[in-house]
Amino acid sequence: MNIYRLMGDIAHLIALVYLLLWIVKKKSCSGISAKTQVIHCLVFTLRYLDLFSYFISLYNTLMKLILLTLTFATMALIGYDGSYEVDQDNLRLSYLITPSFILGILFSGYYDVIEVSWTISIFLEAVAILPQLMMSHNRGESTGVIRHYMILLAFYKSMYCLNWAYRKLYKEYIPIFSIFVGVSQTIIYYFAIMIMYSDRVVFYDRDMFQQYKAILTESGRAQRLRLNQQPT
């Protein structure tokens, strides 16, 4: 364990808790991609098949359990929420899952179920955010919670890149493909943030915009009414 790994894990947990609490508080999952959450559920399920068979540390076990619980809880809330915009979340999962499974099998160090599953999860996590990006593109906007969620995930993955660099200094073995995929995933996150804060995805929250619009409309009506009531 090093400071970069710890900071990455904390950022990851904050991102998941933040998204989950936002859905609970707003009682809405508008603008949130269920397909991205499905892939994350699949990622952690495949990655942690060794949860009860291979003990590393109490911290490691607790992190695995927490990540699984938060991810599946978020998926469950979206699944039971009537505000989910299924027509906007239209990137086919097969386009992401099939290549990830093929690459996972090809790049596995050896053909053991747990090893192959772990390798597949590395490729899957790298593309998990793409359905969310497609959904934001289809809606023409990104909600504040998604932008904040994306920033936290980008920070989490950036810390993991520094973690890999730190471990390499101490001659620890890290598969080259996992570093390459992780760096690529980090680039995708920052590219997504750049898009979400540009004109290509409108920089406002729909709910907040509607509230301001209603206030301005009501204010305009009140002003016109006062003008009409003035004696001529």
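Helices are DSSP runs of H or I with at least four residues, numbered from the N terminus. This is a predicted model, in which local features need pLDDT of at least 70, side-chain atom pairs count only at pLDDT 80 or more, and totals for chains, interfaces and linings use all residues. Residues are numbered from 1 along each chain as its sequence is written, and side-chain values use heavy atoms, with hydrogens and water left out.

**View 1. A nonpolar patch on the surface.**
M1, I3, L6, M7, I10, I14 and F155 make up this patch. Together they have about 630 Å² of accessible area, computed by the Shrake-Rupley method with a 1.4 Å probe, where only the protein chains shown count as cover for residues. Patch residues have over 30% relative accessible area and no salt bridge; nonpolar side chains (Val, Leu, Ile, Met, Phe, Trp, Tyr) are joined within 5 Å. Helix 1 (residues 3-26) supplies the largest share, five residues. L6 lies in this helix. The relative accessible area of L6 is 33%, so L6 is partly exposed. Buried means under 20%, exposed over 50%, and partly exposed in between (1.4 Å probe, protein chains only).

**View 2. The largest nonpolar core.**
A nonpolar core is a set of buried Ala, Val, Leu, Ile, Met, Phe, Trp, Tyr and Cys residues joined through side-chain atoms within 4.5 Å. The largest one has 48 residues. I32, L67, I78, I129, Y149, M150 and L153 touch the most other members. Helix 1, helix 2 (34-47), helix 3 (58-79), helix 5 (113-127), helix 7 (144-169) and helix 8 (176-196) each give two or more residues to this core. Helix 7 gives the most, with 10 residues.

**View 3. Around I78, and a second core.**
I78 is in contact (heavy atoms within 4.5 Å) with I23, C29, I32, S33, A34, Q37 and Y84, leaving aside residues up to four places away in sequence. A second, separate core has five residues, including I122, A126, F177 and V181.

**View 4. S28 in a loop.**
S28 sits in the loop between helix 1 and helix 2. S28 counts as buried because its relative accessibility is 14%. The S28 side chain reaches the backbone nitrogen of S30 at 3.1 Å.

Side chains of opposite charge can pair when their charged atoms come close. A salt bridge is a side-chain nitrogen of Lys or Arg within 4 Å of a carboxyl oxygen of Asp or Glu. By this rule there are six salt bridges. One joins the side chains of D9 and R5, at 3.1 Å from N to O. Both residues lie in helix 1, four residues apart, about one turn of the helix. D9 is buried at 4% relative accessibility, while R5 is partly exposed at 23%.

**View 5. A salt bridge between helices.**
R47 forms a salt bridge with E125, the closest N and O atoms being 2.9 Å apart. R47 is in helix 2 and E125 in helix 5, so the pair ties together parts that are 78 residues apart in sequence. R47 is buried, at 13% relative accessibility. E125 is buried too, at 3%.

The side chains of R167 and E172 meet in a salt bridge at 3.0 Å, N to O. R167 is partly exposed at 24% relative accessibility. E172 is partly exposed as well, at 37%. Elsewhere, salt bridges that share partners join R47, E125 and K157 into one network.

Key
Patch = residues over 30% accessible without salt bridge, like charges linked within 9 Å, V, L, I, M, F, W, Y side chains within 5 Å. Polar contact = N/O pair within 3.5 Å; in protein donor to acceptor, adjacent residues only side chain to side chain.
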